[in-house]
Amino acid sequence: MKNKIYRCSGCDLDVETTDYFDIEIRPKEGVCESSLDSMWCDLCENETKWFLGEGVPWKKGEQSMYEFEKRVTDRNLIKLEEEINKINKNISKLKDKVNNSSFYNFFYSSRLQTLEYLLESKTTEYHKSKKDVEKYMDNFSIDYWSKFKSTPKCIHCGNQSVNKDLLHSCGGNLYYEIINSDLHINYGLHQPNTKIEYDANGDSITHKMVKQ
Ligand SMILES: [Zn+2]
Ligand SMILES: [Zn+2]
């Protein structure tokens, strides 16, 4: 894992960024996932996650879009996937027959050819549909956020003034070094202990989860 240590040319500031390992940031129910960015926050005196109020490309998104939207648009893909699996099964069954019989070879071969042709066209259709769904989802996310005209906000304190020049409140310049922490983590099993939910304006509520 990589963290940063921020220092300042004008004072003895020395802060390590949080790795967000124990914090899950997600949209409130009914709100689309927004892009987030890591930026310095003057009020938190650290680098924090900022809500941007911008769309997230579907593939990059964690929660992607409304689950409902996703399910509706995915339905065709799932159907195609099932069809492809079925054709694949039939092909392997037929191949067994072709291998074990000489008499029906001609019949099975032409049947096999038909199935392979069908497989190819269904696979092409599947990839095309998948691209269409992704494009639809990307636009869905971008359209969603363009309606709100939200401004960036620190997810923790709601600060809206972005410190682009990395000037510290003391007047000095902020700079950082990247450090490798030796923490090795199994993300798959990990349960964050804090959940931050944001609404369409980027205002957030923090929930502390009680460990069972
Ligand atoms: Zn300073
Ligand atoms: Zn802040």
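Predicted model: local features only at pLDDT ≥ 70, side-chain atom pairs only at ≥ 80, totals over all residues.
Trainee: Why is Phe148 called partly exposed?

Mentor: A residue is buried if 20 or more other C-beta atoms lie within 10 Å of its own, exposed if 12 or fewer, and partly exposed in between, with C-beta atoms placed from the backbone. Phe148 has 16 other C-beta atoms within 10 Å, so it is partly exposed. Across the 212 residues of the protein chain, 13% count as buried.

Trainee: Where does Phe148 lie, and what is it in contact with?

Mentor: Phe148 is in the loop between helix H2 (105-146) and strand S6 (153-154). Two residues are in contact if their C-beta atoms, placed from the backbone, lie within 7 Å. Neighbours within four places in sequence aside, Phe148 is in contact with Gly53 and Ala200. Phe148 and Ala200 are 52 residues apart in sequence, yet 7.0 Å apart in space, C-alpha to C-alpha.

Trainee: What makes S8 and S9 a pair?

Mentor: Two strands pair if DSSP finds at least two bridges between them. Strand S8 (residues 194-198) and S9 have five bridges, in the antiparallel sense, and Lys195 stands opposite His207 in S9.

Trainee: Which order do the strands take in the open sheet with mixed pairing?

Mentor: The order of its three strands is S3-S8-S9. Strand S3 (23-27) and strand S9 (204-208) each have a single partner strand, so they stand at the edges and one side of each is left without a neighbour in the sheet.

Trainee: What pairing does the open sheet S2-S1-S7 have?

Mentor: That sheet of three strands has antiparallel pairing. Strand S2 (14-16) and strand S7 (174-180) stand at its edges because each has a single partner strand.

Trainee: How many bridges join S1 and S2?

Mentor: Strand S1 (residues 2-8) and S2 pair over three bridges in the antiparallel sense. Tyr6 stands opposite Val15 in S2.

Terms used
Residues numbered from 1 in each chain as written. Chains lettered and ligands numbered in written order. Helix = DSSP H or I, 4+ residues; strand = E, 2+ residues; numbered from the N terminus.
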